[in-house]
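Please walk me through this structure in plain terms, one part at a time.

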Amino acid sequence: MYLNLDGFELDPQGSQRLRELLSNSSSPAADALISHLIDLGAKYAIVEDPYIDKDYSSDYQAFYSSAFKDYERTTRRAHIFASDVREKFGADLAKLLEGEDVDESYLGYIVIRPLEQGPIGRTVLKFPKSTDTLRVRPMVRAPFNLHLFGRGFCVNGAPFIQQDHRISACAQAALWIADRVLHVRHQHTGWHSMAEITNLATTPTDAELTYELPAGSMGLSPLHVIRALKGLGHQPLGYYLGDKSKPEKDTAEQAIAPSLPAAEVVFRYLDSGLPVILGVITPDMAHAITAVGYVESTAGQCRPGTTYDSFVRAFIVHDDQRGPYRYMPLTKADVDFLPRDRLLIDNGKVLVVDEVISHIFVPLPSRVLIRAEKAEVMAHDHLVRQASAASEGLIAEIESEEAKGKVRDFHQRVTNKLLLRRTYLTSAGRYRHHLAKSGQQVEIGSTMITRVLPHFVWVTEFLDPESALHPEHHYRPIIGHAVVNATSTGGPNSDLLMIHSPHVLVERDINSKDPKKREQASVFEEDGPYAGRVRLESKLRAR
């Protein structure tokens, strides 16, 4: 057996050829995948045949190898490039392994399984491109390394896969996407195949799972999703927002968090770089998808609000039925601002976050013990108390009249709810890394960066609702931020660690036995806006 590399241009004829390789029948996921490649500027494809895929081999061993029907044991893998690379791959091996032009051109790969019911296997492609009006935020991504004909490549993206209707349904595909990107990026959990995910979700087997064979092949309940996340090594956090396809009174009685806006809840975890599994319920379906990023307006707020999601037009989701990198509008008003060919559509209707999201599942690190909204409330409540009780005392310590005016203005904004909050989870190391590059006033930044912190912290940034994106670095300037211990459940007196507002820094020593030293406020004559955190696409090299 020899390896065959079949290359062809992705002109209309070549695109149709690739489409037929993905599926020879009607497939919205395959159509969406080809459309995504065209948007990325794909020019050339190389199909590697045969390819031994670890994921498919695991599923083959678990199910297909014992079936009466013969299934092929190997797959094919299509490599996608933004330029015609036939000359590179037609050259001798020494030249093939030189130069970076082919690296820059590499857009990703698609594993094609020999399954009629779910041919799109493990797939990693780059995120969509930003436009003049929409900034794509690739929050959930990892560097996937691979080799083709002796040359190493690396693609930075969110993995995608289809269900196969035999050992997996939409929930397992959503779980696989969430688990695999965290495994590759952080290496904190093990590698798991779709078959293993199904086994974790369906053990022990309950009555609901016995209604279909094999167990779990027609879908999982919320309990099974939670069970799988725990078995995969994550700390599952769930929200039930209610079934919006039912009468409102029935939904409110059953919902665990009916008053929380779905977009606001999802955004905080997604902005933390965590994949979020979304349960979607409409009159026609119950489905699971995975949010992997978001699309932010390059202008001002899209709608009134006091949280950062008011700048966001859509979540970027992987839907195993409808394809990778689909845009799910936050509200109906956002639909017309988004490209029609990327919208998440079911039976001709655009699926909107605030209308169809019923469940939210987050695979948190095991040491995180505080919900995002609770950390944000701690930070906000402290500012409210400071603005009402300590404002004039702090101002009296400042000499500059200009600085005094900024403090009064900030406290007035807090009182009148005219500040935006952005809360995300990060590690102490990454927090310091960002703070060092943020341009914060040196004396304040030096004090905050040298504080001893727990491994995980919640950061809440405070910003003006009218703040504009930086034209080059694409961040919005902030005027303060708070740091909350994410690894404890002791309450505001032990979890709020630091809070910076204009010209004022409050530090809290939660281990001090002297109540007078537990909280100390310092004032600074010099201060100003600095960069809010932003996750940009990094340049990665294959290894």
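The model in view is a predicted one.

Exposed means over 50% relative accessible area, and Gly-439 counts as exposed because its relative accessibility is 58%. Setting aside the neighbours within four places in sequence, Gly-439 is in contact with Pro-529 and Tyr-530. Gly-532 lies 93 residues from Gly-439 in sequence, yet their C-alpha atoms are 9.7 Å apart in space.

Helix α15 covers residues 428-437 and helix α16 covers residues 442-449; their axes come within 10 Å and cross at roughly 170°. Angles over 145 degrees count as roughly antiparallel, so α15 is roughly antiparallel to α16. Which residues in α15 and α16 meet? From α15 they are Tyr-431, Arg-432, Leu-435 and Ala-436, and from α16 they are Gly-445, Met-448 and Ile-449. By type, the residues of this contact of α15 with α16 comprise five nonpolar, one polar and one charged.

From the helices we turn to a sheet. Seven strands form an open sheet with antiparallel pairing, in the order β1-β2-β3-β4-β5-β8-β7. At its edges are β1 (4-9) and β7 (142-148), each of which pairs on one side only. From one strand to the next, the twist averages 30°. Inside the sheet, strand β4 (residues 106-112) and strand β5 (residues 120-125) run antiparallel and are joined by four bridges. Tyr-109 has Val-124 in β5 as its bridge partner.

Helix α1 (residues 12-22) packs on this sheet, where it touches β1, β2 (44-51), β3 (75-81), β4 and β5. The direction of α1 makes about 135° with that of β1. Helix α7 (residues 170-186) lies across β5, β7 and β8 (151-160), and runs at about 140° to β8.

Aromatic rings give another way to read the model. How many aromatic pairs does the structure hold? There are 13. Tyr-56 and Tyr-60 form a tilted aromatic pair, with 6.0 Å from centre to centre and 50° between the planes. These two tyrosines are separated by about one helical turn, because they are four residues apart in helix α3 (residues 54-62). A residue counts as buried under 20% relative accessible area. Tyr-56 is therefore buried, at 1%, and Tyr-60 also counts as buried, at 15%.

A further pair joins Tyr-269 and Trp-458: their ring centres are 6.0 Å apart and their planes stand at 80°, so the pair is edge-to-face. Because Tyr-269 lies in helix α11 (residues 262-270) and Trp-458 in strand β18 (residues 456-463), the pair ties together parts that are 189 residues apart in sequence. Are Tyr-269 and Trp-458 buried or exposed? Both are buried.

To return to Tyr-56 and Tyr-60, both belong to one aromatic cluster, together with Phe-63, Tyr-64 and Tyr-71.

How values were computed: Residues are numbered from 1 along each chain as its sequence is written. This is a predicted model: local features need pLDDT of at least 70, side-chain atom pairs count only at pLDDT 80 or more; totals for chains, interfaces and linings use all residues. Side-chain values use heavy atoms; hydrogens and water are left out. Axes are lines fitted to C-alpha atoms, for helices over the stretch in contact, and angles run from 0 to 180 degrees between N-to-C directions. Angles under 35 degrees count as roughly parallel, over 145 as roughly antiparallel, 65 to 115 as roughly perpendicular and the rest as oblique. Contact means heavy atoms within 4.5 Å. Ala, Val, Leu, Ile, Met, Phe, Trp, Tyr, Cys and Pro count as nonpolar, Asp, Glu, Lys and Arg as charged, and the others, Gly among them, as polar. Two strands pair if DSSP finds at least two bridges between them. Rings of Phe, Tyr and Trp (its six-membered ring) pair if their centres lie within 6.5 Å; planes under 30 degrees apart count as stacked, over 60 as edge-to-face and the rest as tilted. Buried means under 20% relative accessible area, exposed over 50%, partly exposed in between (1.4 Å probe, protein chains only).
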